[in-house]
Amino acid sequence: MKKTVNTSHVRFINLRAVLDAIYHQESISKAELARMLNMSKPSMADNVTDLLEIGIIREIGEGACGKGGGRKPTLLSFCDDFKYIIAMDFHYHHSFFALSNLKGKVLNEFTIHQTPMSNFRAWTQMCVNAVSTLLSAQNITSQDLAAIAVSAPGILNTKEDQYIISSKFGEFNVAYLEKELKQAFQAPVLIKNSTNAAALGEFYYGSGQNCENLLYVSCGQGVGSGLILRGKLYEGSHLAAGEFGFFVTPDNLESKTGGRLEDRISIDSILEAINSGLEAEQAVSGQSREGGKVSFPAMIERWKSKDPYIQPFVDKICLELGCAVTSLQSFFDCQLIIIGGEYLAFAEQMIPEINRLVQSCCPIPVPVVAASLGDNGTVLGLIATCREFYFKNICSRE
């Protein structure tokens with residue numbers, strides 16, 4: 001049975017192709033666009049007219065004549081500040097807020113050391129106030145927003161209202177946060193898994209540029225991955241793809257500390273093991289320990305100073321994570337593996353160790369590299385998500 005192509009679908013494809021092409025060029029003429037996209041001049045003229053009427057592109061003057069002379073072409077350019085994007089990146093110990101234009105240029109940003117763990121409703125109100133501050137500081141209104149994007153940990157299936165978030169992040173109520181933001185600003189609110197957002201950030205702006213298939217792995221407070229397959233984020237049937245923190249092995253199923261990978265190597269689990277061991281040593285020796293419990297920053301410093309007590313814990317992280325990454329790569333066959341998250345503090349040891357395992361165990365080894373964007377990766381991924389959402393919406397208008 002032959003499938004027919006809806007004319008509105010064709011229009012969407014053409015309009016989106018023209019918009020994307022103009023977005024990626026500093027300036028370009030209709031004739032150049034028609035040649036680049038292999039589109040007829042009448043069709044190109046119609047699509048350009050539509051985008052000009054929307055206001056997302058503009059005419060900026062005349063270009064140079066061609067070799068054969070004739071009329072100078074009118075140049076087109078993308079309107080960077082046509083709409084704005086709010087990105088909210090939630091961390092374990094702080095919350096980050098940024099305002100950008102459609103081109104991804106961050107115009108204002110700040111961090112607030114308040115998290116939802118103690119009082120979620122108070123934190124939500126703080127988020128509303130932070131967005132209002134970003135808007136007023138740039139003298140823009142909520143009507144100027146393309147969308148608001150929020151990163152959060154866990155499985156976030158907004159389509160089916162299914163949210164699975166670790167209890168260590170408090171009573172994180174995604175539906176309530178989304179409702180409050182929509183009510184306050186009358187703008188679309190997009191909720192994205194933190195690791196998926198970071199994967200998109202690296203894909204568009206970081207180590208994964210020009211890479212069609214990549215595996216992004218984040219490890220630290222949580223353990224998860226983001227998959228870019230054929231140039232698109234793959235989220236799975238229930239928006240739960242990449243949650244390899246749930247990996248189990250037969251040897252760990254009966255473990256008192258939990259059979260899942262995240263239960264074994266997350267920051268909280270490792271620090272608990274470190275401090276439990278020190279307490280046991282103290283009980284045997286009868287000597288009190290100076291400085292209290294070991295924190296994550298203290299763990300990093302002791303590893304840097306080659307503390308023999310800390311080293312086995314870092315070895316465990318590198319080995320377990322490396323084995324899991326090797327299994328993922330053998331399954332997905334990506335072009336590149338990017339490692340991010342708080343454990344990049346151990347990159348000097350971790351990246352070579354994971355590379356060694358991938359090179360020796362995968363049927364087709366690929367490079368393993370450190371994420372290049374740091375904490376900015378998630379924010380840039382959220383911005384890219386909003387831009388994609390907005391472009392899709394305006395190109396779908398009848």
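Mentor: First, the terms: axes are lines fitted to C-alpha atoms, for helices over the stretch in contact, and angles run from 0 to 180 degrees between N-to-C directions. Helices are DSSP runs (H or I, at least four residues), and strands are too (E, at least two), numbered from the N terminus. This is a predicted model, where local features need pLDDT of at least 70, side-chain atom pairs count only at pLDDT 80 or more, and totals for chains, interfaces and linings use all residues. Residues are numbered from 1 along each chain as its sequence is written, and side-chain values use heavy atoms, leaving out hydrogens and water.

Trainee: At what angle do helix α10 and helix α11 pack?
Mentor: Helix α10 (residues 311-332) meets helix α11 (residues 347-361) at about 40 degrees, and their axes lie 9 Å apart. Angles under 35 degrees count as roughly parallel, over 145 as roughly antiparallel, 65 to 115 as roughly perpendicular and the rest as oblique. α10 and α11 are therefore oblique to each other.

Trainee: Which residues of α10 and α11 meet?
Mentor: Contact means heavy atoms within 4.5 Å. Among them, Val314, Ile317 and Leu321 are on the α10 side, with Ile354, Leu357 and Val358 on the α11 side.

Trainee: And what angle do helix α1 and helix α12 make?
Mentor: For α1 (residues 7-23) and α12 (residues 376-395), the angle is about 135 degrees, with the axes 9 Å apart. That makes α1 oblique to α12. Their contact includes Phe12 and Leu15 of α1 and Phe391 of α12.

Trainee: How many helices and strands does the protein chain have?
Mentor: The protein chain has 12 helices and 15 strands.
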